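Here are my notes on this one, in the order I'd look at things. Have the viewer open while you read.

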Amino acid sequence: MRLVDRHPEVDLDLLLKGFVPPPRFGGATFDRYRPDPRYPSQALAKERLRRWVHDRPKGLFRPRLPGPQGVYLDGGFGVGKTHLLVAAYLEAPGPKAFLTFEELTYALGLMGLREGARRFAALRYLFIDEFELDDPGNAQMATHFLALVMDRGVRVATTSNTPPGALGEGRFNAEQFRHQIQSLARRFAVERIEGEDFRHRDPGRLPRPLEEGTLLELFQQDPRRKSLDAFPELLAHLRALHPIRYRYLFQGLEVVYLTGLAPIGDQNDALRFVHFVDQLYNLGLELRLSGVPLEALFPETYRHGPFAKKYGRALSRLAELLG
């Protein structure tokens, strides 16, 4: 089968049912997080987040909690932020929800800000992975939404590659929203997590894609549930889908085959493929590629621009999937 033949529809009910950690992180407990002793901030973030989850009042009367209402895990890719966020979700009492920032903005777009705030305000804990402000619209919506739900007592933990006070910088005129962004930042205790990518991938020695003939031979011999697509056709298909639908392209699959990997000359296409890789990785699927080396996939200007960390994460995850 081909991914390009799939056109998944995503309604609100389907989306709400999926607000749980992705399969790859199903066993990501605090006990399984192994801090790098060279970076004390990792162990510190683990203990502070665990304490934050369990620092809650008991009984019918719930006085204001002494600790922060929100925790913001800030750090580069591969230091275990998502692992820690899932660990906190697993230990937090319900009702609770775990979702990506992309899923949050899409859900709010379907429900409307007020209705979304009303529904999410019924939670005790809200966990948001990969929080980012890429444009003025989601900046205004996200800051207003979090103010509404946190004013109603919802505790929020989130991960990001950007410190809260610097959200939006380099991507839009963030100065227009400086007051809202700074007001949002004050609601969170920031835990800066230092460290190296746990995958320990040398950007200059990334694994090589297969020769196309070898890939097609492997595809024919592979007994698992699989898909086979040409990379240019896949990019064209992703343009026609909202990124929220990408995860549903993989339903029922175990391994994805792509032929003809090539440099991506359009930044919008590049960001779509980054999101595609994130979804494939989070679902715990396997990937087989043929085409150009991974280091040729994203132009140099992209890898040093405002979305540099996204591209770095995508290359690291691609290297793990191919390795």
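1. Start with α4 and α5: Leu104, Leu108 and Met111 in α4 meet Leu113, Glu115, Gly116, Arg119 and Phe120 in α5, where contact means heavy atoms within 4.5 Å. By class, that contact divides into 5 nonpolar, 1 polar and 2 charged residues. In this scheme Ala, Val, Leu, Ile, Met, Phe, Trp, Tyr, Cys and Pro are nonpolar, Asp, Glu, Lys and Arg are charged, and the others, Gly among them, are polar. Helices (H or I, at least four residues) and strands (E, at least two) are DSSP runs, numbered from the N terminus.

2. Before going on, the ground rules. This is a predicted model, with local features needing pLDDT of at least 70 and side-chain atom pairs counted only at pLDDT 80 or more, while totals for chains, interfaces and linings use all residues. Residues are numbered from 1 along each chain as its sequence is written, and side-chain values use heavy atoms, leaving out hydrogens and water.

3. Now the geometry of that first pair. The axes of α4 (101–111) and α5 (residues 113–120) come within 6 Å and cross at roughly 115 degrees. Axes here are lines fitted to C-alpha atoms, for helices over the stretch in contact, with angles from 0 to 180 degrees between N-to-C directions.

4. Next, α2 (residues 40–54) and α3 (residues 81–91), which pack at about 25 degrees with axes 10 Å apart. That makes α2 roughly parallel to α3 (angles under 35 degrees count as roughly parallel, over 145 as roughly antiparallel, 65 to 115 as roughly perpendicular and the rest as oblique). Their crossing is right-handed. On the α2 side, Ala45, Lys46, Leu49, Arg50, Val53 and His54 meet Leu84, Leu85, Ala88 and Glu91 of α3. That contact has 6 nonpolar, 1 polar and 3 charged residues.

5. What angle do α9 and α10 make as they pack? About 95 degrees, with the axes of α9 (residues 231–239) and α10 10 Å apart; the two are therefore roughly perpendicular. Phe231, Leu234, Leu235, Leu238 and Arg239 in α9 meet Asp269, Arg272, Phe273 and Phe276 in α10. Sorted by class, the contact has 6 nonpolar, no polar and 3 charged residues.

6. Two backbone spots to check by eye. Most residues other than glycine have a negative phi, and most peptide bonds are trans. Gly94 and Pro95 are joined by a cis peptide bond, omega about -5 degrees, and Pro95 is in the loop between α3 and β2. Glu130, a residue other than glycine, has a positive phi near 60 degrees; Glu130 is found in the loop between β3 (125–129) and α6 (136–151).

7. On to the holes: the whole structure has 2 cavities of 30 Å³ or more. A cavity is a set of points on a 1 Å grid over the protein atoms alone where a 1.4 Å probe fits but cannot get out, and lining residues have an atom within 4 Å of a point. Grid points are joined across faces, edges and corners, and a volume is the space filled by probe spheres set on the points.

8. The largest cavity holds about 160 Å³. Of its 15 lining residues, Pro22, Thr100, Glu103, Arg247 and Asn282 are the closest to the centre. β2 (96–100) and α10 (267–282) each supply at least two lining residues, and β2 gives the largest share, 3 residues. The lining has 7 nonpolar, 5 polar and 3 charged residues.

9. Finally, the second largest cavity, at about 40 Å³. Its lining is Thr100, Glu102, Glu103, Pro243, Ile244, Arg247, His275 and Gln279, with α4 and α10 each supplying at least two. By class these are 2 nonpolar, 3 polar and 3 charged.

Terms used: On a 1 Å grid over the protein atoms alone, a cavity is a set of points where a 1.4 Å probe fits but cannot get out, and a pocket is an open set with protein on both sides within 12 Å along at least five of seven lines; lining residues have an atom within 4 Å of a point. A crossing is left-handed if the near helix is turned anticlockwise from the far one by less than a right angle, and right-handed if clockwise.
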